[in-house]
Structures are given as C-alpha cells and as structure tokens.
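Hello,

Please look through it first; my notes on what was found follow below.

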Amino acid sequence: MNLQTFKAPTMALALHQVKSAMGHDAIILHTRTNHHRQWLGLKRREMVEITAGRGTGLGRRAKPASPAASFGPGFSKSAMLPSAQPTIRTPVENSRQLLQTPAAGNAMMLGITQEMNQLKNLVQDLVKETRQAQEPQIPEELFEHYNQLIQNQVAEELARNIVKTMHKELRPEYLSRTQFVREKLAEHIEKLIPTTGPITRKKTSGPHVVALIGPTGVGKTTTLAKLAANLKLREKHRVGLITLDTYRIAAVDQLKRYADIIVAPFKVVSNAEELRDAVASMSTMDFILIDTAGRSPRDVMKLNELRGLLAAIEPDEVHLVISSTASQKCVELAIQRFSEVRVDKIIFTKLDEAANVGVVLNVIQKVNKSLSYVTTGQDVPDDIEVGHGRQLAQMILGGFGAGK
C-alpha cells in the first residue's frame with residue numbers, strides 16, 4: 001500500500017487533499033492534530049495530519065461500456081438519454097463524498113475530540129496562570145499541589161497554610177520530587193482530620209444509646225440501618241432500633257424492614273415520653289440506635305423540638321449526618337444550627353457521589369469535631385466505612401476513592 005501524509009489547517013482541507021491525490025479508494029490509517037504556541041504561549045496554531053494509502057482497487061466501479069457498443073454500430077450518440085450522460089463532480093462534491101465514508105467520520109470525530117481536549121487544556125492553563133499571578137506567595141515548586149487542593153474545593157486559606165507548612169518543613173532538594181511531596185502532604189492532611197474509630201460500648205450495664213441527627217435527605221435512615229446490621233450481624237451485639245421520623249411513612253417502613261431482617265426490636269415514637277418508654281423497653285440491648293426526622297437548619301422550632309427529645313434520654317453519642325454532595329455554605333449552616341442542639345461526631349454520606357471532597361476537610365477543621373464514619377453507596381450493610389484520615393487525604397490530593 002502506497003502511504004502518504006497530508007497536512008492542512010483543518011480536517012476538511014486535509015481530507016480534500018487525500019481525495020485529490022488518491023481518489024475514492026483512499027484508506028485513512030491515522031489522524032492527529034499538532035499545535036504550536038504563539039503570542040506568548042496563549043494562542044495555538046493547529047495543523048491536521050492524515051496518513052492515508054491507496055486501496056486495492058476492489059471497490060472501484062467497472063468502467064461502463066460505450067453506448068455505441070451496447071446498442072450497435074448504428075446507434076447515434078445524440079440519441080443518448082440524459083441519465084446516461086457521464087457525471088462530472090466538482091472538488092467540493094468529491095470532498096463531501098469522502099466525508100461521508102466511515103473512515104472519514106471516525107477521523108472527524110477523533111479530530112473534534114482532540115480539539116476539545118486542546119481547548120480544555122488551554123482553559124486550564126489560563127486558569128492556572130491567573131491563579132498563580134494572584135498567589136505570588138505560593139512557592140512555584142508546590143503550586144501544582146496547591147492547585148489540586150483548590151480544585152478539590154479545599155478552602156483557599158487552608159490550602160495556602162498546608163502548602164506553606166510543607167515549604168518550611170521540606171528541604172529544598174526534595175521540593176521537585178512530586179511523589180515525595182505528595183506523600184508528605186497526605187501525612188499532613190491526615191493529621192488535620194481527626195477520627196474516632198467505630199462505635200464501641202464502654203458501659204458495664206445498660207445499652208449504649210446512639211442518635212443520628214441532620215438535615216433532610218442526607219441518608220440518616222440508610223446509615224442507621226448499615227450501623228445496625230454491622231453491629232448485629234458482624235459483631236454479634238444485641239441491637240434495638242427506634243425512629244422519631246413519623247413525618248415520612250416510607251422511612252418508617254424502610255427501617256422496620258431492616259429491623260425484621262436482622263431480627264431486632266423496633267419502636268416508632270412521636271414525643272419525649274414515648275421515647276423514654278421505648279429506650280426503657282430495650283434495656284437488655286447492647287446498643288440502641290435512634291433515627292430522627294430530618295430538620296431544616298432554618299427551622300428553629302423543629303430544632304428546639306429535637307433538642308428537647310435528646311435531652312429526655314441523654315444519649316451516649318449524637319452523630320451529625322452530612323452529605324458530601326452539599327455545598328460548603330449549606331454544610332456550614334447545618335453544622336452551625338445543629339451544634340446548638342448537640343453534636344459529638346460527624347458522619348459524611350454519599351462520598352461516592354461527591355465531585356470534590358475538600359468540603360470534608362474544611363468542615364472538620366471548622367467545627368473541631370471528629371469524623372466517625374463515611375458512606376460510599378446505598379448497599380446495606382456494606383457501603384459504610386470507619387473514617388480514615390489518610391484515605392480522605394489521598395482523595396483530596398486526587399488519588400484513590402473511598403469504598404469500592
């Protein structure tokens with residue numbers, strides 16, 4: 001196969017060159033787009049390059065016999081029908097025909113993808129250059145790491161402090177060793193995320209009572225079911241379940257089904273007196289897990305009601321459940337308002353759905369509370385893990401994710 005390489009500013013022009021030089025039998029073997037920076041590196045000049053070869057000729061049409069040969073020697077050429085006239089194609093029509101071939105279609109899609117990637121890279125370069133100009137105090141050797149923290153929504157001031165600490169602690173000759181710096185950053189971030197380990201019972205008598213509180217829709221009921229299943233089925237503890245979420249019938253039915261599956265006592269209560277009685281009726285349990293109705297952080301009346309319910313039983317632990325997919329502003333408001341009720345530890349849910357996990361670090365630093373668990377999916381009881389600072393640090397730095 002005779003191979004040739006054709007170059008042009010656009011894919012259409014390059015394909016026209018292929019058609020003009022090799023005809024309809026041309027077979028496109030490879031395409032790529034090269035670019036060169038101009039104008040101080042901000043503008044790129046592109047050149048499309050196509051490698052093509054001549055086909056075997058199997059796809060060529062047989063040359064039609066002349067009309068005279070077909071109709072006999074007495075047939076006049078002037079009597080030919082219009083449809084029998086030979087077709088003359090313009091270069092534009094030839095290019096259009098070539099563009100309609102599968103090979104050309106694949107080449108064009110590849111070209112579009114390459115152009116989109118180049119545009120994305122150009123935007124990222126511009127953002128980086130702008131950010132670097134605005135942050136002259138960030139050491140150049142550590143700017144990529146700083147940029148990664150910002151892209152993962154770590155608060156700017158916190159990201160700045162982390163990088164500056166690394167610059168002070170590391171010897172200059174180590175700053176260019178990307179993997180080494182990354183490991184040191186992970187170690188530092190890990191220290192900024194205190195964790196509590198799993199729920200444990202330290203009492204010699206009586207149940208260990210745990211309440212889950214938080215905004216609507218963060219996954220409290222599913223999280224409680226995961227905790228209950230692990231305590232009962234894997235750790236072989238006696239577990240009782242209580243729900244205060246009488247506003248959502250579906251939530252009550254869901255938790256009851258989980259209780260039936262793990263063979264655990266289950267109570268539905270609606271006020272402080274019923275809650276005290278339910279806890280007393282489960283005095284032989286090792287653990288009692290309490291699900292509360294979701295409250296809007298702006299609903300002061302409901303938050304006061306929740307405070308009264310918790311005060312009636314004084315649970316051993318109160319975990320605030322927060323969604324990793326929520327915005328920084330919503331998370332901060334939830335923590336501020338629920339802290340007025342009571343917060344001992346924090347559970348982050350939906351970590352598998354979060355585009356960025358820097359919010360976890362921001363929140364932990366701001367509220368000075370320890371992380372107990374993270375959830376990584378909907379499966380009960382599997383998609384829940386004890387919080388690990390190193391794993392979250394790796395995620396914040398753009399490494400592996402939690403869970404599956």
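**What was found**

Apart from neighbours within four places in sequence, Asp286 is in contact with Arg201, Pro207, His208, His237 and Arg238. Asp286 lies in the loop between helix H10 (272-281) and strand E7 (287-291). With a relative accessible area of 10%, Asp286 counts as buried, because that value is under 20%. Please keep in mind that this is a predicted model.

As for the protein as a whole, it has 14 helices and 11 strands. Of its 404 residues, 43% are buried. The accessible surface comes to about 22100 Å², and carbon and sulfur atoms hold 53% of that. Among contacts with a separation of 6 or more, 71% are between residues 24 or more positions apart.

A second residue to look at is Thr33, in strand E2 (residues 26-38). Is Thr33 buried or exposed? Thr33 has a relative accessible area of 12% and is therefore buried. Leaving out neighbours within four places in sequence, the residues in contact with Thr33 are Glu46, Met47, Val48, Gln114 and Gln118. Thr33 and Ala8 are 25 residues apart along the chain, and their C-alpha atoms are separated by 9.8 Å.

Next, the surface. Leu3, Ile27 and Leu29 make a nonpolar surface patch of about 260 Å². One of these, Leu3, belongs to strand E1 (residues 3-8). Leu3 has a relative accessibility of 48% and so counts as partly exposed, since exposed would require over 50%.

Then the aromatic rings. A pair of such rings is described by the distance of the centres and the angle of the planes. The count comes to 2 aromatic pairs. In the pair of Phe143 and Tyr146, the ring centres are 5.7 Å apart and the planes are at 45°, so this pair is tilted. Why are Phe143 and Tyr146 separated by about one helical turn? Because they are 3 residues apart in helix H5 (residues 143-151). Phe143 and Tyr146 are both buried.

A ring also features in one last item: the charged end of Arg177 sits over the ring of Phe180, at 5.1 Å from the ring centre.

Regards

Definitions and conventions
Residues are numbered from 1 along each chain as its sequence is written. This is a predicted model: local features need pLDDT of at least 70, side-chain atom pairs count only at pLDDT 80 or more; totals for chains, interfaces and linings use all residues. Side-chain values use heavy atoms; hydrogens and water are left out. Patches are made of residues with over 30% relative accessible area and no salt bridge: like charges are joined within 9 Å, nonpolar side chains (Val, Leu, Ile, Met, Phe, Trp, Tyr) within 5 Å. Accessible areas come from the Shrake-Rupley method with a 1.4 Å probe; for residues, only the protein chains shown count as cover. A salt bridge is a side-chain nitrogen of Lys or Arg within 4 Å of a carboxyl oxygen of Asp or Glu. Helices (H or I, at least four residues) and strands (E, at least two) are DSSP runs, numbered from the N terminus. Buried means under 20% relative accessible area, exposed over 50%, partly exposed in between (1.4 Å probe, protein chains only). Rings of Phe, Tyr and Trp (its six-membered ring) pair if their centres lie within 6.5 Å; planes under 30 degrees apart count as stacked, over 60 as edge-to-face and the rest as tilted. A charge sits over a ring if NZ of Lys or CZ of Arg is within 6 Å of the ring centre and within 35 degrees of the ring normal. Contact means heavy atoms within 4.5 Å.
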